[in-house]
Amino acid sequence: MAQVKLDIFRYDEAVDAVPHRDTVEVDVPVTMTVLDALETAKAEVDGSISFRRSCRSAICGSCSMNINGVTGLACKTPCKSVMNDEGVIQIDPMPNFQPMKDLVVHMDPFWDKYTRLKPYLQPADRDEDHETERRVSPADMKKLVDAANCVMCATCYALCPVVSVDPSFAGPAAIAYAYRFIEDVRDGKKKERLAQINEDYLWLCAHCYACSYCPKHVDPHDRIVDVKRATIQEGVMMDHPGPRHALVVNKTIKKTGMLAETEVIQGTVGIFNIRGLAKITPLAIRMAVKGKMPPPFLRPIPKVDEVRTIFESLEVPT
Amino acid sequence: MSSTLLPEEQATDSHRHSKSSQMRRYGFFPGCVAKESCKELFNSTMLLADKLGIELIELTAASCCGASVVNDTNRDIARVLNARTYAQAEALGLDDVITICSTCTGHMRAANMELLESEERMNQANSILGKFGAKYEGSVMVRHLLWLLIDDIGLDKLSSMVVRPLNGLRVAPFYGCHIIRPEKVNGWESARNPHSLEDVITAIGGEPVDYAGKTRCCGFHIQLEKDGVATSMVGQNMRIAKDRGAEAVITPCPLCHLALDGYQQDAAARWGRTDLPTFHLPQLVALALGVPAEKLGLNKHLIDPRTILVERELIA
Ligand code: SF4
Ligand code: SF4
Ligand code: SF4
Ligand code: SF4
Ligand code: FES
C-alpha cells in the first residue's frame with residue numbers, strides 16, 4: 001500500500017465559472033490502476049468526483065482521460081507507472097473536448113462524426129435473396145479486425161492536433177471505423193462512403209502518428225492511409241486537392257526521381273485556381289525575396305530510368 | 001564514465017558505437033527539400049561535417065524517399081524506391097545512411113523495417129532492382145544526423161569542440177513527428193519525452209525551453225489541403241514556446257522549418273505575434289563550433305535569426 005496523491009481537475013459546468021484543482025490522497029497498492037485510485041477516492045474521500053467508467057478492463061472505452069498530460073485509459077494505467085517521487089498523479093479531462101463535470105466531457109462531436117459515416121452494414125442486395133447469412137472468408141475478415149477492435153474511447157481524437165485547430169476534420173477514430181465498412185465485402189456503399197469521408201476532410205490528416213497511441217492497436221493513421229488508397233483506386237473525388245496532390249507527387253518523382261516542389265504546389269492547388277494560388281502568393285513572394293523558391297524545373301537524378309522501372313513494375317493499371 | 005554502466009547498458013552502448021572508432025564515412029541522404037527550397041540546410045550540414053571531421057558521401061543517384069505521399073497511393077513503390085537507395089549505399093560500401101530530415105528518417109526507416117522483417121517483400125524489391133542489376137542485401141541502417149551527433153560524436157566531445165557557446169540563448173526544440181513517431185519505427189528515444197535536441201542545445205551552451213508543443217505536428221503535409229489549418233498548428237505550438245520564454249526554435253526537419261518559418265506571420269491573426277526565428281539543427285551547431293555565420297544561409301530565413309544572435313552578442 002502506498003499513498004497516491006491524485007491531483008484532479010475539478011469543474012462543474014452548471015455552477016463553476018472556472019475550474020480548480022483538488023488533491024485527494026488515497027491508500028492503494030501501487031500496482032492498482034489509476035481508475036482504481038479514482039474509485040477509492042470517490043468511495044472514501046469525496047463522492048462528488050465525477051468520471052466515466054464501466055468495464056474496468058479496457059473494453060468499454062469509457063475511462064479515457066489525461067494522466068500526467070498523456071491521454072489514455074485510466075483502467076489500463078497502473079499508478080506505479082505514472083506517479084512521481086511524491087506519489088502525485090495529475091488527472092485532467094481529455095483535451096479537444098468541452099469539459100462537463102470533472103473528468104467527464106461532452107462527447108457529442110465525436111459521436112456526430114461516427115453517425116455521419118453510417119457505422120453499420122449497408123448490403124447491396126436484400127437479405128431475402130440469401131439462403132444463409134452472408135459469409136466472409138477469414139482472409140477478408142483479417143483486413144477488418146484491427147479497425148473493428150475500436151472501443152470508441154476517443155483517445156486518438158483527443159490526441160489529434162488537426163482536431164484541436166479544426167473540429168470539422170472527421171478525426172482518426174471515425175475514419176478508421178469507416179474503413180471497417182469500406183473494406184467489408186458485404187457492404188454495397190463503398191463509393192458513397194468514400195465520397196462522404198473525403199467530404200469530411202480525409203486528406204486533412206497531417207500524418208503525425210499521435211493516434212498511434214490507440215490502446216486497442218487500431219493504428220488509425222494506417223487505416224486513414226488505406227482509405228486514401230481506396231479513394232484513388234476507386235477514382236472518387238479526383239478533383240479534390242488531396243488526391244490531386246498525391247498524384248502529382250507521384251508524377252514528379254516518376255519523372256525526375258525527386259519531389260519537384262514547384263510543380264507539386266501548382267498541381268495541388270490547380271494552375272487555373274486563381275483564388276487558391278492568390279492565397280499562397282504572399283508567402284511565395286516572401287520566400288522569393290529571400291531566394292528561397294524551389295527551382296521551377298528539376299534536372300532528373302542520375303539513372304532516373306531505374307525509378308521509372310520501379311513505378312512501372314508496381315503500378316496497377318487503373 | 002563507461003565503468004559506471006551496467007553490463008547490458010555497456011552492450012547496447014558498444015553496439016551503438018561499434019562503427020564509430022574506425023568508420024568516419026557515412027552515406028548521406030539529404031532529401032529533396034534540402035536540395036530545393038532549403039539549400040542552406042544542405043550547405044550548413046556539409047560545413048558542420050567538416051568541423052566534426054566526418055565525411056558525408058552524398059548518394060547522388062538516390063530518389064526521393066516518397067514521404068507519406070507515395071505511401072498514400074502505393075506502399076510497394078515507396079518501399080522499393082528506398083530499397084534502390086539502400087542498394088546504392090551498399091554498392092559504395094556505406095551501410096550507415098544519414099538523413100537530415102525527420103520525415104525522411106521516419107519513412108526510410110519504416111521502409112527498411114518492412115524489407116528486413118519480410119523475406120517476401122525483400123524478394124519483391126530485389127526482383128525489381130534486379131531488372132537494372134542492383135540488389136539490396138539488407139545491411140543499411142538509417143539514422144538522423146541528430147542521433148549521429150549523440151551516438152558517434154558524443155555530447156561531451158561536442159561540447160568540448162564549442163568555440164562560440166550560445167550564451168544561454170533560450171531555444172525551443174521542435175522534433176517533427178517522424179523522427180520520434182511511430183515508436184516502433186524510430187524507437188531511438190522516447191517519443192513522449194524525447195530529450196536529444198535538449199541535450200544538444202545544452203552541449204552548445206544554449207538553454208532548452210520545455211514546452212508542450214515540442215513533439216506536436218507543424219501541419220506541413222496539409223498546408224495545401226484546407227485554408228488556415230496548418231497555419232494554426234504552427235501558431236498554436238509557437239505561441240506555447242514563446243510564452244515559455246523561447247527566443248528561437250531549432251528543428252531537425254526542413255519541412256517543419258518551412259512551416260514554422262513561413263507560417264508564423266499568417267498565424268499571428270489567431271495566435272498573436274510570435275516571430276520566433278527557426279534554426280536548422282546543423283546551422284546552430286555549426287555556429288557554436290565556429291563556422292562563420294555568413295556561411296550558414298541565415299539570410300534565407302523569412303524570420304531573420306540574425307537579430308537575436310546580434311542581441312545575444314553571438315555575431316557582430
Ligand atoms: S481508434 Fe483506438 S484510440 Fe481511437 S477511439 Fe478507437 S480504440 Fe480509442
Ligand atoms: S495521424 Fe492524422 S488522424 Fe492521427 S492524430 Fe495525426 S493528424 Fe490526427
Ligand atoms: S520526405 Fe521530403 S525531404 Fe525527404 S526525400 Fe522525400 S520529399 Fe524529400
Ligand atoms: S512536424 Fe509536420 S512536417 Fe515535421 S515531420 Fe511532423 S508531420 Fe512532418
Ligand atoms: S473502464 Fe472500460 S475502458 Fe476503462
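Predicted model: local features only at pLDDT ≥ 70, side-chain atom pairs only at ≥ 80, totals over all residues.

Residues are numbered from 1 along each chain as its sequence is written, chains are lettered from A and ligands numbered from 1 in the order in which they are written, and side-chain values use heavy atoms, with hydrogens and water left out.

**Exercise 1.** Work out the strand order of the open sheet in chain B.

*Solution.* Start with a pair: S1 (residues 25-29) and S2 of chain B run parallel, joined over four bridges. (Strands are DSSP runs of E, at least two residues, and helices are runs of H or I, at least four, numbered from the N terminus; two strands pair if DSSP finds at least two bridges between them.) Within S2(B), Glu55(B) is the bridge partner of Arg25(B).

Next, write out the four strands: S2-S1-S3-S4, with parallel pairing. S2 (55-58) and S4 (141-144) of chain B each have a single partner strand, so one side of each is left without a neighbour in the sheet.

**Exercise 2.** Find out how many disulfides there are over all chains.

*Solution.* Apply the rule first: a disulfide is a pair of cysteine sulfur atoms within 2.5 Å. The count over all chains is zero. Now try Cys65(B): its nearest cysteine sulfur belongs to Cys104(B), 4.2 Å away, and Cys65(B) is in no disulfide.

Finally, check burial (under 20% relative accessible area is buried, over 50% exposed, in between partly exposed; 1.4 Å probe, protein chains only). Cys65(B) is buried at 5%, and Cys160(A) is buried at 9%.
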